[in-house]
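Subject: Structure handover

Hello,

Here is the structure for your files. My notes follow below it.

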Amino acid sequence: MSELSWWILASCLTAYAIKLCGYFVPRKVLDSPLMTHVASTLTVALLASLVTVNAFTSGQELVIDARIGALAAAIIALIFKAPYLVVVLVGALAAVLLRATGLAA
């Protein structure tokens, strides 16, 4: 096996070991209000950072293109409490229109 294969195997085993460690956490810790709050806040923060990185970067560069317009359209749809599928379709349609009209790369 190549060196890369060993690194991938080690990463998989490490991820599995971390997952197994979760089974050793006592139930009263998992059910505490603080843990519930931390878990929900952390989930939102990670999703927000993922969206930001994917919307404003391409490789190592900061870019301004149709993704930003699509994200803005999706945010507006969310403000109006549109269902998830509608939000996705509004964002996709905004990206297509911005690219078709030449307003964004």
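Where is the place of arginine 99? Arginine 99 sits in helix 5. Helices here are DSSP runs of H or I with at least four residues, strands are runs of E with at least two, and both are numbered from the N terminus.

Some ground rules before the rest. This is a predicted model, in which local features need pLDDT of at least 70 and side-chain atom pairs count only at pLDDT 80 or more, while totals for chains, interfaces and linings use all residues. Residues are numbered from 1 along each chain as its sequence is written, and side-chain values use heavy atoms, with hydrogens and water left out.

**Helix 5 and what follows**

Arginine 99 is partly exposed, because its relative accessible area is 47% (buried is under 20%, exposed over 50%, partly exposed in between, with a 1.4 Å probe and protein chains only). Its C-alpha atom is 9.7 Å from that of arginine 67, 32 residues away along the chain. Glycine 102 lies in the segment after helix 5 (84–101). Glycine 102 is exposed, at 57% relative accessible area.

**Salt bridges**

How many salt bridges does a search of the whole structure find? It finds two. The criterion is a side-chain nitrogen of Lys or Arg within 4 Å of a carboxyl oxygen of Asp or Glu.

- Arginine 67 pairs with aspartate 65 at 3.2 Å, N to O. Arginine 67 is partly exposed at 28%. Aspartate 65 is buried at 15%.
- Arginine 27 pairs with aspartate 31, with the closest N and O atoms 3.8 Å apart. Arginine 27 is exposed at 58%.

**Cysteines**

The disulfide count is zero, where a disulfide is a pair of cysteine sulfur atoms within 2.5 Å. Cysteine 12 is partly exposed at 47% relative accessibility. Cysteine 21 is also partly exposed, with a relative accessible area of 47%.

**Transmembrane annotation**

An unreviewed UniProt entry places the feature "transmembrane region" at residues 6–25, 37–56 and 68–98. Those positions follow the numbering used here, feature names are shortened, and annotations may be inferred rather than shown by experiment. In the model, residues 6–25 are 80% helix and 0% strand, with the end C-alpha atoms 30 Å apart. Residues 37–56 are 100% helix and 0% strand, and their end C-alpha atoms are 29 Å apart.

**The largest pocket**

The largest pocket holds about 430 Å³ of space. A pocket is an open set of points on a 1 Å grid over the protein atoms alone, where a 1.4 Å probe fits, with protein on both sides within 12 Å along at least five of seven lines; lining residues have an atom within 4 Å of a point. The volume is the space filled by probe spheres set on the points, which are joined across faces, edges and corners.

The lining has 16 residues, and Val51, Leu71, Ala74, Val87 and Val88 lie nearest the centre. Helix 3 (33–56), helix 4 (66–79) and helix 5 each give two or more residues to the lining. Helix 4 gives the largest share, six residues.

Best wishes
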